[in-house]
Amino acid sequence: MTFDRPGHRAGIQGDGGVRTGPRPDQPRRARVEVEFEEQTMLGALFGQFDTNLVQIENRLGVFISARGNKVLIEGPEDAVARARDVLKGLYQRLNTGHEIDSGALESLIAMSAEPTLEGIITGTPGNAPPIMIRTRRKTIVPRSATQIAYMQALVQNDVIFALGPAGTGKTYLAVAQAVAQLMTGSVQRLILSRPAVEAGERLGFLPGDMKEKVDPYLRPLYDALYDCMPPEQVERRIASGEIEIAPIAFMRGRTLADAFVILDEAQNTTPAQMKMFLTRFGQNSRMVVCGDPKQVDLPGGVAASGLADAVGRLEGVDGIGVVHFSRADVVRHPIVGRIVEAYEGNEA
């Protein structure tokens, strides 16, 4: 049977239009056919103008052709297996009511190299993935193997350190978990904090009252909240005190009980600030500390950061979880991962 789809090349050809066989030094090649039950979902699965299939081809080095509800994948044996799992994962997402975007596809491609992929994206059709966070606005599933460990740590440990580069979902997933627990009544308050440290700029004295002065530093936390809750609920809960967003200096002298507490950009705390913050922990609370140890904006650089100091002291302590993200876990636009890799490569 010949497999092709409109607008897509008919095959990979060698000299004279004849498909060439592999050389002895080339990896073993394979052909796998995948059949999908719901043909109405294939438009979303393939993407507009087959962009999803083309992205899988380009990233994994395989050839994909389709006709009807069947897809043929050809290429190196390992790459074919990964492409098959990615397509099954995309189909599963659609089957459970989730949309597919380039970020989700890129994450599945990255996760296809992980041994845990099978447990995340396959199973009985129609069943939801086994790990997820449900909020009022969306259901969030992991997009990398490290996010799986992180999402598990968020429900298993009292204090969690999330370390890694930008775009890995450290703060977003913590806020989503906090919102989910606030909605179910597991905690009574949600407290989000950041050090008010400028990232290399000198902004001078900002106009306005205290809230107007510190809000620009805390804007990323507001963005994550609005993505997980309707804006009117966010404003109402902030007004009632159920949600509090404040710089770390406002935490001194308090005991944070019955609360989900998140400290973002923790690499910009001093050791004294970090100790003060961690000792605010109260009964029936959970605390998440997020930061990138390589992006310290303090005058003294990495040596002045309280994040690395705290992790060095507390990693391995019972009840404290530490999750290390890497550039492979970046789930923003794929170019963000390449930017992080370029900068980290130069630093190395």
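Trainee: Which residue is the bridge partner of Phe260 in E10?

Mentor: That partner is Arg286. Please keep in mind that this is a predicted model. The strands concerned, E9 and E10, run parallel and are joined by 4 bridges.

Trainee: What is the order of the strands in the open sheet?

Mentor: The order is E8-E7-E9-E10-E6-E11, which makes 6 strands with parallel pairing. At the edges are E8 (243–247) and E11 (320–324), each of which pairs on one side only. Direction ignored, neighbouring strands are turned by 15° against each other on average.

Trainee: Which strands does H6 lie across?

Mentor: Helix H6, residues 145–156, lies across E6, E10 and E11 and runs at about 150° to E10. H11 also packs on the sheet and touches E6, E10 and E11. The direction of H11 makes about 125° with that of E6.

Trainee: And H10, which of its residues are buried?

Mentor: In H10, residues 271–278, the buried ones are Met274, Met276, Phe277 and Leu278. Their cover includes strands E6 (159–163), E7 (189–194), E9 (259–263) and E10 (286–291), together with helix H11 (306–314).

Trainee: What does Val288 touch?

Mentor: Leaving aside residues up to four places away in sequence, Val288 touches Tyr150, Leu154, Ile160, Ala174, Phe260, Val261, Ile262 and Leu263.

Trainee: Going back to the helices, at what angle do H6 and H7 pack?

Mentor: The angle is about 35°, and the axes are 11 Å apart. The crossing is right-handed. H6 contributes Gln147, Tyr150, Met151, Leu154 and Val155 to the contact, while H7 contributes Lys170, Leu173, Ala174, Gln177 and Gln181.

Trainee: Now the charged residues. How many salt bridges are there in the whole structure?

Mentor: A search of the whole structure finds 8. One of them joins the side chains of Glu74 and Arg31 at 2.7 Å, N to O. Glu74 belongs to strand E3 (residues 70–76) and Arg31 to strand E1 (residues 29–35), so this pair ties together parts that are 43 residues apart in sequence.

Trainee: Is Glu74 buried or exposed? And Arg31, buried or exposed?

Mentor: Glu74 is buried, at 8% relative accessible area, whereas Arg31 is exposed, at 57%.

Trainee: Where in the chain do Arg194 and Glu265 lie?

Mentor: Arg194 is in strand E7 and Glu265 is in the loop between E9 and H10, 71 residues apart. Their side chains meet in a salt bridge of 3.1 Å, N to O. Arg194 counts as buried at 12% relative accessibility, and Glu265 is partly exposed, with a relative accessible area of 26%. Salt bridges with shared partners join Arg194, Asp264 and Glu265 into one network.

Trainee: One more region, then. How many residues of E3 are buried?

Mentor: In E3, 5 of the 7 residues are buried, so this strand is largely enclosed by the rest of the structure. E3 runs antiparallel to E1, with 7 bridges joining the two. E3 also runs antiparallel to strand E2 (residues 63–67), here with 5 bridges.

Trainee: Which residue of E3 stands opposite Val34?

Mentor: Val71 stands opposite Val34, and Val71 is also the bridge partner of Ala66.

Trainee: What about the hairpin of E2 and E3, how many residues are between the strands?

Mentor: There are 2 residues between the strands, and Gly68 takes a positive phi near 65° in this hairpin.

Definitions and conventions
Residues numbered from 1 in each chain as written. Predicted model: local features only at pLDDT ≥ 70, side-chain atom pairs only at ≥ 80, totals over all residues. Heavy atoms only, no water. Buried < 20%, exposed > 50% of the residue type's maximum accessible area, 1.4 Å probe, protein only. Contact = heavy atoms within 4.5 Å. Pairing = 2+ DSSP bridges. Axes fitted to C-alpha atoms, helices over the stretch in contact; angles between N-to-C directions. Salt bridge = Lys/Arg side-chain N within 4 Å of Asp/Glu carboxyl O. Left-handed = near helix turned anticlockwise from the far one by under 90°.
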